[in-house]
Amino acid sequence: MRLLGKLGLAVAACLLGANVAAADTVVKWLHIEVNPAQVKVWEEVARSYEASHPGVKVEMQFLENEAYKAKLPTILQSKDRPNIIYSWAGGVLKTQIEAGVLEDITDSVKSGGYGDTIAPAALAAFSQNGHVFGLPISLSQVGFLYNKDLMAKGNVDPSKIKTWDDLLGAVKTLKAAGVTPIVVGGADKWPLHFYWTHLAVRIGGKPAFDAALKGENGGFAGETFQKSGELFKQLVDLQPFQNGFLGFKNPQAVGYFGDGKAAMILAISSFYHTQRALAADKVGLSDDKLGWFDFPVVPGGKGEPSDTLGGITGWLVTKDSPKEAVDFLKYFISKDVQARLAAGNFVIPVVKGGEAGLNTAFMKQIAANLAKSNYHQNFYDQSLGPSVGRVVNDVSAEIAGGSMSPQDAAKAIEAAYKQGN
Amino acid sequence: MNSAETSRAPFDPAVLFKAAFLGIVAIFVLVPLLATLLGGFKSLGELRVNPFGLPSHWEWQNYADILFSGRYWQLLRNSLIISTLTVTLTLIVASMAAFTFAHVRFFGSSMLLSYLTLGLLFPAATAVLPLFIKVRDLGLLDTYFGVALPQVAFSLAMSVLLLRRFFKDIPYELLEAALVDGCSYIKFFRYVTLPLSRPILATVGTITFVNSWNAYLLPLVMLNTDALYPWPLGIMVYQGEYSSEWHLILAFITLTILPTIILFLLAQKHIVAGLTAGAVKG
Amino acid sequence: MARRIAIAAPVNVAGEAVPRALRGPGWDGRFTVLILFLPPALLLFTLFVVLPIGEAAWYSGFNWNGFGRPTHWIGFDNYRFVLETRAFWLALRNNGLIIAVSLAVQLPLALTLALMLAEKFRGAVALRMLFFMPYILAEIATGLIFSFIYDGDYGLVASIWRFFGAEPPYLLASTDTAMLAVLIVIVWKYFGFHMMLFIAALQSLDKSLVEAARIDGATRSQILRHVVIPLLYPTIRLSVFFAIVGSLQLFDLVMPLTRGGPADSSNTMVSFLYNNGISRMRVGYGSAIGVILFAICVTFAFTYKRWFMRDE
């Protein structure tokens, strides 16, 4: 492949004069990573790729998470679009595939047995009908990160929080002890939707979600989804969140947790690491002060306690990108780089052998949780597609703000799902 | 304004009331601006305990870091390019149209002018989605022109009206005489109308410039590459990156509004005249 | 409250004197000017202003995510969806609130200040400029400045509350106070513009009327009420017009402050259009919002012109 590329370049040089040979192929890579430590590793990978592939330049661009989601549709339609973009798979990816704005990279991925090195479930998330459109980079799980000191101060034993009622009890105890129980980035809305959706995962399990997709049992207005709203409201009524939570963006909230100002945060497992970068002192909470417990179960719920909510994140290659983009991506999603990222606690690897890099008890625990999960639900706001997913976020924020009843919230999602846009 | 009877006594309570009232409003206006300027000189820790006083220790570093970063200058450069494009095109296109409406009599003239003034009726935002699709189809997405051309189009209505009103005041006899002497309309436009109209051109240019310089929605929708971002977009990205580091954000805000304030102080006459021009007739 | 400056409704040019028919080079010269000078303006205007409005009406009949071409025709459903969205009505309410505050707070404030500052005294010009300054600042910068002022951790509000030993509120984070906070910023930003309108009008006022009233023995407040204010009516109507038009296009200020939140409590029509139409690329839905907004603007402009500005 590389040889062919060089040959092509040589031919082009002959045809068009020497100047062209000097022109680099630029691979534009758009990311949303806020953790400078991780970006640094990526840059090193990019530079080393450039060193071994003369004539290719990897150019990194950054957009903030929310801005990225809002701009993605327009980004994909500009002629100067980036070649490699971030993705959470799911319905958003499906829309993009159908719109024909992504490059089908199946051949390149399958060649040389490369595809077999990647965890099949993770690769499947970036494929449709056997065609591959992107490569996964990491898995993640949603659960509670807690601050051991504050839990101790509030006299709460986190290992005893197993059910939803336990969580409510812990919130009450913490509040009584003058500790802010939970911090959340409510302005971004999606951190709030974790509560609503993880409750739905616990209450209804996989069958409820599948049924809702088919419009059975009242769809998303059905009992499972009304009940998850009601349980969420039980929590909201305790006022468990930090003052002004609806005005906090997620990075602020994670920083607040890293500053040791709140006992818990319903987190994506990667927050374990990002809280350091986002804390005011850039140090955050050290490992011995951090704990994790899985999202509490709901008694009588149909979901398995081992079911997980989380992300399958990865990278897509946009239509008409140079083949160096795919080549670089394969270089980037490789055992070595994965192990290196895992060692930095940035990812739960998706390439076989990458898990060898995991070196903290925390990351190993998350990897184990994901390995034993039979039902890994992708984030709703991604799996339901761009517009329905946003409504899930909207109504979660509305329930949290007290401006919408759980019943109306469920109906609003179902209405949006029926509008199917 | 419940000032009592007119009395010119030295200690008029009305004067006192007036001074107090103006003082309060002045504080209301000044405090946010000064807090922003001074906040940029503080450390984050000091900002929290002392958001409004003078800094106990002046952190020149905040400002210096921004001024020495390529980012700040790139944002200003992009804004300058877009605004300059918009102003230049608006002045050229609008003055040509205004000249025609002012001096050339033709069938449908008033109808066409009314058509153009439709643009005053609604904000650009109403049709921003189709506008986006249009700009995309023209292949102008993510280019300076993708922002500048719609901005020109939306500033045309106002500009043509203002220019035409001024052009009409140029004595008709002048044009007539020139035409008789064999001067063409175009030459007349170039050598008589435009030089005579400098004040109104400056005014229209200023309004267009300020609007374009401050614009947010159109660049937000049309631009994707941060290398092309004008400063309102860039500052929002900056704020997203440094979410709670207010001392840096405040320094950045101060530096980005500085050009506007300098321009305002230099050209207040044109700005005030321009921005209130549509309002006061004659 | 007026961002892009606009003159009320289309100007009726029919009644104005048109230059006498030209002799001299006659039609040829005129023709050259016509085909050279008019098309650029008409083309740009048609392409980027008029056509998109028409297309908005067309797209609003589709369920379309903006990729490719619209194919899924759904008739008027998008309008129904918009009207069924709670956030739409909140946005409409908020636009109403902005207008109400402009009329009840901003306009009297601007008028009072104008009456004070139209007189000549030392510092008057400096104060005028100071009060006008917020108006020329970008909405984005203003919004960011005030999101600092309102910040519950670092801002002015926080320090005032802490001074009294109270837990500081997050004004922008509560559905009860977010819109109020936005309204205060609106007054801060725009009162100076309206003040300048009034000052300009006051300065071109016919002084002899005021003088005549004074000679007749009228008191200052009588002169104000019966002479000055009535003379300012046209400007007041214009100021109201700008306030309403400005409210209908307010967007930039809201984004850095609240992005329309929490829970849509501070959306304006345009931020609602952005949040629910553009950033989700629901072209049909967003176009329907645009068409509704367009209808509101046009209806308002014509009605206002007919009812209140007939004499001008």
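Two residues count as in contact if their C-beta atoms, placed from the backbone, lie within 7 Å. The model is predicted: local features need pLDDT of at least 70, side-chain atom pairs count only at pLDDT 80 or more, and totals for chains, interfaces and linings use all residues. Residues are numbered from 1 along each chain as its sequence is written, while chains are lettered from A and ligands numbered from 1 in the order in which they are written.

**View 1. Chain C against chain B.** In this predicted model, 90 residues of chain C are in contact with 89 residues of chain B. Helix 1 (residues 26-59) of chain C gives the largest share of the chain C side, 20 residues. Helices (H or I, at least four residues) and strands (E, at least two) are DSSP runs, numbered from the N terminus. By class, the chain C side has 70 nonpolar, 13 polar and seven charged residues. Here Ala, Val, Leu, Ile, Met, Phe, Trp, Tyr, Cys and Pro count as nonpolar, Asp, Glu, Lys and Arg as charged, and the others, Gly among them, as polar.

**View 2. Helix 2 crossing helix 12 in chain C.** The axes of helix 2 (residues 77-84) of chain C and helix 12 (residues 283-308) of chain C come within 9 Å and cross at roughly 75°. Axes are lines fitted to C-alpha atoms, for helices over the stretch in contact, and angles run from 0 to 180 degrees between N-to-C directions. The two helices are therefore roughly perpendicular (65 to 115 degrees). Asn78(C), Tyr79(C), Phe81(C) and Val82(C) of helix 2 meet Gly284(C), Tyr285(C), Ala288(C), Ile289(C) and Ile292(C) of helix 12. This contact has seven nonpolar, two polar and no charged residues.

**View 3. The two sides of helix 16 in chain A.** Buried in helix 16 of chain A are Met363(A), Ile366(A), Ala367(A), Asn369(A) and Leu370(A). They cover an arc of only 160° around the axis, which puts them on the same side of the helix. The arc is that of the directions from the helix axis to the C-beta atoms. On the other side, Ala361(A), Ala371(A) and Lys372(A) are exposed. A residue is buried with 20 or more other C-beta atoms within 10 Å of its own, exposed with 12 or fewer, and partly exposed in between. The cover over the buried residues includes strand 6 (134-139) and strand 9 (290-294) of chain A.

**View 4. Arg136(B) and its contacts.** Arg136(B) lies in helix 6 (residues 128-137) of chain B. Arg136(B) is partly exposed, with 18 other C-beta atoms within 10 Å. Leaving aside neighbours within four places in sequence, Arg136(B) is in contact with Gln77(A) and Leu141(B).

How values were computed
Angles under 35 degrees count as roughly parallel, over 145 as roughly antiparallel, 65 to 115 as roughly perpendicular and the rest as oblique.
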